[in-house]
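This report walks through one model, part by part. Please keep the sequence and the 3D view open while reading.

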Amino acid sequence: MKRVLTPARFAAHSLRLRFLLAILLWVALGIGGIWYSATRVFTRHIEAQYHDELYGHVRELAGLVNISKDSHLSLSRPLSDPRYLEPMSGYYWQVSVHRGDRIHSASMVRGEIDEDIAHSPEIFHSIDNGPTGKTIAYGFTGFTPDGRVVHYVIAVDKRYLDQAIASFTRELTLWLTALATALLITGYAVVLFGLRPLNRLATAIGQLREGTSARLEGAYPSEIAPLVEDLNAYIAGNEAVIERARVEAGNLAHGLRTPLAVITDEAERLARQPESARAARALLDQAHEMVQQIDFRLARTRSAAGARASLRVSHLPEAVLPILSAMRKLHPDCAFELSAPVPVRMAIDPVDLSELVSNLLDNAGKWARRRVVLTIAEGPRIRVEDDGPGMSEEQIARACEIGSRFDADMPGSGLGLAIARDIAEAYGLRLRLSSPPGGGLIADLV
Ligand SMILES: Nc1ncnc2c1ncn2[C@@H]1O[C@H](COP(=O)(O)OP(=O)(O)OP(=O)(O)O)[C@@H](O)[C@H]1O
Ligand SMILES: [Mg+2]
C-alpha cells in the first residue's frame with residue numbers, strides 16, 4: 001500500500017522538522033496577528049484624523065461664507081488650506097442655498113457635490129460621484145436671513161486615505177517579513193542547539209555499533225540521561241547473557257565429544273563383526289555427522305559474531321597480514337599475493353575476520369595450482385581468487401552446507417565455507433562464490 005507523506009507523518013520522522021513546523025506555525029500566528037491588529041489600529045487612527053480635519057475645514061468654511069439679504073453667497077477670503085485652490089486637487093467644498101445660489105472651491109472646476117449630504121450628521125465614506133472619483137464627504141446645514149436652507153459640504157478624495165493606509169501596510173508588511181525571517185532563523189538555531197544532545201547520542205550509538213566504544217559515553221541533559229543509563233544497563237546485561245550462553249554452548253559441545261568418541265569406538269568394533277556391520281555403519285555415519293555439527297558449533301561459539309554487543313572494527317589490510325604469512329607456510333607451493341590499494345575499515349571483529357578470511361585462503365591454497373590473490377577494495381569488499389579447478393554451479397550451491405566436500409583426495413572436514421558464510425551473515429555481509437569459465441574460484445565478501 002502506498003503511504004501518503006502528510007506533514008504530520010513527515011514531522012513524526014524528524015524531531016527537528018517537528019520543532020520547525022511548530023515554530024513556523026507560532027511565528028505565522030504571531031506575525032499575522034500583529035499585522036492584522038496594526039493595520040486595523042492604524043486605519044482607525046488615520047480615519048479619525050481625517051474626520052477631525054474635515055470637520056475643521058467645514059467649520060472654517062461656514063465662518064467665511066457671507067450671505068447677503070437676497071440670499072447671495074460670497075466668501076470673505078479663501079480657505080487656509082491651499083489644496084482647495086488647486087484645480088481637481090481632490091479637496092473640494094461647496095455651499096449652496098436650496099434652489100438658489102451655489103459657490104464652490106476653485107479646485108472643483110467641474111462636477112457638483114450632492115447637497116443632501118449636509119442633512120446627515122454622519123461622515124460619508126464613499127460618495128461615488130465626487131468630482132475626481134470616490135470621496136469622503138461631510139457637511140451641515142444653516143439658514144439664510146429669509147429662512148432658506150444653506151448646505152455646507154466638504155469632500156476629500158478617498159484615495160488620499162487609501163494611499164496612506166496602503167503605504168503604511170506596505171511598510172509594515174516589509175518590516176514584519178524581515179522580523180519573521182529573523183525569528184525563523186533564530187528559531188532554527190535554537191532547535192539545533194536544543195537537539196545537540198540527541199545528535200551526540202546518535203554519534204555515541206554509532207560508535208557503539210562500530211565497536212569503538214563499549215557503552216554510551218558522555219554527559220547528557222537530565223531529560224535523556226535516564227534513557228542513556230537504561231541503555232547502558234541493557235547493553236551490559238545483554239553482554240553478560242550472551243557470554244554465559246557462549247560458555248554454556250561450549251561446555252555442552254565439549255561434554256558431548258567424549259561420549260561420542262566412546263560411541264564411535266564401539267561402533268567401529270561392531271563394524272568388524274559381520275552380523276552387526278550394517279547397524280554399525282549407520283551408527284558411525286550418524287556419529288560422524290554429530291561430530292561435524294559439534295565442531296561447527298564449537299567454532300561458531302568461539303566467535304564474537306553471535307555477540308553483536310561487542311562489535312569491533314577491523315583495519316584492513318593490517319588485520320589479514322598475519323593470516324597471509326601463516327598461509328604461505330601452510331601452502332609453500334602456492335604464491336599468495338595481496339592487492340590492497342586503499343586502507344579499509346570494516347565493522348567486524350578482527351578475530352571473526354581472521355577466521356573468515358583464513359577459511360577462504362586455506363581453500364584457495366588447497367586447490368590453487370600456483371597462485372592466490374587476495375584483493376581488498378573500498379566498499380568494503382574482500383575477494384579471494386585462485387587458479388585451481390573451481391567448482392560447478394551445483395557444487396557452489398551446496399558448498400556452504402555443513403560437511404559438504406567434493407574432493408575426497410584433499411583432507412578436510414567440510415566446515416570451512418559453512419563457518420565463513422555464518423560469520424559473514426552475522427555481520428550482514430554476503431559470501432558469494434563463483435567459478436569463471438577459464439577455471440579457478442572467486443570468493444567475494446560483499
Ligand atoms: N577454492 C576452491 N577450489 C575448488 N574447490 C573448492 C574451493 N573451496 C572449496 N572447495 C570445495 O568445497 C568444499 C567445501 O569447502 P570447505 O572449506 O567447506 O571444506 P574443506 O575445505 O573440505 O574442509 P575444512 O575447510 O573444514 O577443513 C571443499 O571440500 C571443496 O571440494
Ligand atoms: Mg576449507
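## A serine, a sheet and a ligand

S314 is found in strand β8, which covers residues 314–316. The model is a predicted one. With a relative accessibility of 1%, S314 falls under the 20% limit and therefore counts as buried. Its contacts, apart from neighbours within four places in sequence, are A319, V344, R345, M346, I348, D349, P350 and L353. The side chain of S314 also comes to 2.5 Å from the backbone oxygen of I348.

A side-chain oxygen of D349 reaches to within 2.8 Å of the backbone nitrogen of V351, at the start of helix α7.

**The sheet**

An open sheet is built from five strands, with mixed pairing, in the order β9-β11-β12-β14-β13. Strands of a sheet pair through backbone hydrogen bonds, in either a parallel or an antiparallel way. β9 and β11 (residues 371–377) run parallel and are joined by five bridges. Within this pair, L338 is opposite L374 of β11.

**Helices on the sheet**

Helix α6 (residues 321–330) packs on the sheet and touches β9 and β11; the direction of α6 makes about 165 degrees with that of β9. Helix α7 (residues 350–367) also packs on the sheet, touching β9, β11, β12 (381–386), β13 and β14 (442–445). The direction of α7 makes about 20 degrees with that of β12.

How far apart are the end C-alpha atoms of α7? They are 26 Å apart, and this agrees with the 26 Å that 18 residues should span at 1.5 Å a residue. The buried residues of α7 include L353, L356, L360 and N363.

**Around ligand 1**

There are 18 residues around ligand 1, and those that come nearest are N363, K366, D386, L415 and L417. N363 is also one of the buried residues of α7.

| Residue | Part of the residue | Distance to an oxygen atom of ligand 1 |
|---|---|---|
| S413 | N or O atom in the side chain | 3.0 Å |
| L415 | backbone N or O atom | 2.8 Å |
| L417 | polar backbone atom | 2.9 Å |

Technical notes
Residues numbered from 1 in each chain as written. Chains lettered and ligands numbered in written order. Predicted model: local features only at pLDDT ≥ 70, side-chain atom pairs only at ≥ 80, totals over all residues. Heavy atoms only, no water. Pairing = 2+ DSSP bridges. Helix = DSSP H or I, 4+ residues; strand = E, 2+ residues; numbered from the N terminus. Contact = heavy atoms within 4.5 Å. Axes fitted to C-alpha atoms, helices over the stretch in contact; angles between N-to-C directions. Expected span 1.5 Å × (residues − 1). Buried < 20%, exposed > 50% of the residue type's maximum accessible area, 1.4 Å probe, protein only. Polar contact = N/O pair within 3.5 Å; in protein donor to acceptor, adjacent residues only side chain to side chain. Near = heavy atom within 4 Å.
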